[in-house]
Amino acid sequence: PSIPIETLFSAESGKVLPEGQIMDHPLPEINGYRTTSEEKRSHDRMQEDLYQKVRQASEVHRQVRNYAQSFIKPGIQLVDMCERLEEMNRKLVGESGLSRGIGFPTGCSI
């Protein structure tokens with residue numbers, strides 16, 4: 001992975017972020033109003049920008065996880081592992097100062 005997710009799934013590329021599986025709530029009497037109330041469906045549509053950001057973060061996570069599985073082997077230095085993971089995170093997120101970047105450092109413990 002080396003292309004920032006924002007570039008990979010841009011309008012120019014013609015690709016859209018995967019939506020994933022949308023499921024009904026298991027207890028419709030508690031959350032069923034979301035599919036029957038026009039007002040709630042409208043509210044959900046207004047949240048589409050937030051949903052896109054979450055989908056973008058999910059795609060970054062998926063790619064970084066696959067990248068991590070490719071190089072993490074017994075004997076690797078933890079600091080080297082964390083640095084490589086954070087660097088890939090920055091690259092895929094398209095870090096840009098305070099407006100765009102990783103939310104928190106990679107945490108690891110022994």
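**View 1. Gln52, a partly exposed residue of helix α5.** In this predicted model, Gln52 has a relative accessibility of 30%. Buried means under 20% and exposed means over 50%, with partly exposed in between. Gln52 therefore counts as partly exposed. Its place is in helix α5. Now look from Gln52 to Leu78, which is 26 residues away along the chain. The C-alpha atoms of Gln52 and Leu78 are separated by 32 Å.

**View 2. Val64, a buried residue of helix α5.** Is Val64 buried or exposed? The relative accessibility of Val64 is 8%, so Val64 counts as buried. The cut-off for buried is under 20%. Val64 is found in helix α5. Which residues does Val64 touch, leaving out those up to four places away in sequence? They are Leu85, Met88, Asn89 and Leu92. Gly107 gives another point of reference, 43 residues from Val64 along the chain. Between the C-alpha atoms of Val64 and Gly107 there are 14 Å.

**View 3. Helices α4 and α5 where they cross.** Two packed helices are described by the angle between their axes and the distance between the axes. Helix α4 covers residues 38–46, and helix α5 covers residues 48–71. Their axes come within 5 Å. The crossing angle is roughly 50°. Angles under 35 degrees count as roughly parallel, and those from 65 to 115 as roughly perpendicular. The two helices, α4 and α5, are therefore oblique to each other.

**View 4. The residues that join α4 to α5 in contact.**

**View 5. The chain as a whole, for orientation.** How many helices and strands does the chain have? There are six helices and zero strands. From the N terminus, the order of elements is α-α-α-α-α-α. The C-alpha atoms fill a box of roughly 55 × 35 × 25 Å along the principal axes. The radius of gyration of the chain is 18 Å, whereas a compact globule of 110 residues would have one near 13 Å. Buried residues make up 20% of the 110 residues. Now take the contacts with a separation of 6 or more: 53% of them come from residues 24 or more positions apart. The chain exposes about 8400 Å². Carbon and sulfur atoms supply 56% of that area.

Key. Residues are numbered from 1 along each chain as its sequence is written. This is a predicted model: local features need pLDDT of at least 70, side-chain atom pairs count only at pLDDT 80 or more; totals for chains, interfaces and linings use all residues. Side-chain values use heavy atoms; hydrogens and water are left out. Axes are lines fitted to C-alpha atoms, for helices over the stretch in contact, and angles run from 0 to 180 degrees between N-to-C directions. Helices (H or I, at least four residues) and strands (E, at least two) are DSSP runs, numbered from the N terminus. Angles under 35 degrees count as roughly parallel, over 145 as roughly antiparallel, 65 to 115 as roughly perpendicular and the rest as oblique. Contact means heavy atoms within 4.5 Å. The radius of gyration is taken over C-alpha atoms; the globule rule is 2.2 Å times the number of residues to the power 0.38. Buried means under 20% relative accessible area, exposed over 50%, partly exposed in between (1.4 Å probe, protein chains only). Accessible areas come from the Shrake-Rupley method with a 1.4 Å probe; for residues, only the protein chains shown count as cover.
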